[in-house]
Amino acid sequence: MGRSWYEEHGKYTTKRNTFTDFVECAKHLQAIGYTSPSQLAITGRSAGGLLVGAVLNMAPELFKVAIAGVPFVDLMVTMCDATIPLTVTEWEEWGNPNNATYYEYMKSYSPMDNIQAAKYPAMLIVSGLNDPRVAFWEPTKWAQVLRAKVTNGEEVLLKMDMAAGHFSAND
């Protein structure tokens, strides 16, 4: 809905709107018969992987499968560390979690911090060992915690490309 919507409704303490809007779109597509939970797949890379992680925690029953590429899912750990590349510049969109207001808000949608015992869809998580933007341990840790919480036996697969970075083996 454009830059003005983003500035007023899609960042800082309104960032959750991006996740709740996504969930509402999935519900709408199912309500009008365009798809069903047994047919709907979602995918996202990097910050889009955060979107995937957040919506799976909010409404896992809406999706059959999820693919997350180099997913930025350990939001609180990464965003609280100003020494990690890109963190400080990302504060311009998300807020600085070293401030209590932003910390609590960001934690409310952080994929890693909101995993619960639930019926999650089947998942494929793809990452690169040499990623300078999303460290390999984020998706690895996320996969491990999800595997312990999935209650319906769906698989959580992790593919770690040993030569890849954030975009491919060439970056």
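**Entry 1: Thr 87**

I began with Thr 87, which I found in helix 5, keeping in mind that this is a predicted model. I then looked up its accessibility: Thr 87 has a relative accessibility of 2% and therefore counts as buried, the cut-off for that class being under 20%. Leaving aside residues up to four places away in sequence, I noted that Thr 87 touches Thr 78, Met 79, Asp 81 and Ala 82.

**Entry 2: the largest pocket**

Next I turned to the largest pocket, which holds about 200 Å³ of space. I listed 14 residues in its lining, and those closest to the centre of the pocket are Ser 46, Phe 72, Leu 86, Glu 90 and Arg 133. Which helix gives the most to this lining? I found that helix 5 does, with three residues, while helix 4 (75-79) and helix 5 (87-94) each supply at least two.

**Entry 3: backbone angles**

I also checked phi, bearing in mind that most residues other than glycine have a negative value. Ser 46, although not a glycine, has a positive phi of about 60°, and I placed this residue in the loop between strand 1 (41-45) and helix 3 (47-58). I recall from the pocket entry that Ser 46 is also among the lining residues closest to the pocket centre. Tyr 12 is another residue other than glycine with a positive phi, here near 55°, and I located Tyr 12 in the loop between helix 1 (2-9) and helix 2 (16-31). At 28% relative accessibility, Tyr 12 counts as partly exposed, a class that lies between the 20% and 50% limits.

**Entry 4: the whole chain**

Finally I stepped back to the protein as a whole, for which I counted seven helices and four strands. Reading from the N terminus, I wrote down the order of elements as α-α-β-α-β-α-α-α-β-α-β. The radius of gyration is 16 Å, close to the 16 Å that the globule rule gives for 171 residues, so I recorded the protein as being as compact as a globular protein of that length. Along the principal axes, I noted that the C-alpha atoms fill a box of roughly 45 × 40 × 30 Å.

For burial, I found that 41% of the 171 residues are buried. The protein exposes about 8800 Å², of which carbon and sulfur atoms supply 56%. Among contacts with a separation of 6 or more, I noted that 70% come from residues 24 or more positions apart.

Terms used: Residues are numbered from 1 along each chain as its sequence is written. This is a predicted model: local features need pLDDT of at least 70, side-chain atom pairs count only at pLDDT 80 or more; totals for chains, interfaces and linings use all residues. Side-chain values use heavy atoms; hydrogens and water are left out. On a 1 Å grid over the protein atoms alone, a cavity is a set of points where a 1.4 Å probe fits but cannot get out, and a pocket is an open set with protein on both sides within 12 Å along at least five of seven lines; lining residues have an atom within 4 Å of a point. Grid points are joined across faces, edges and corners, and a volume is the space filled by probe spheres set on the points. The radius of gyration is taken over C-alpha atoms; the globule rule is 2.2 Å times the number of residues to the power 0.38. Buried means under 20% relative accessible area, exposed over 50%, partly exposed in between (1.4 Å probe, protein chains only). Contact means heavy atoms within 4.5 Å. Accessible areas come from the Shrake-Rupley method with a 1.4 Å probe; for residues, only the protein chains shown count as cover.
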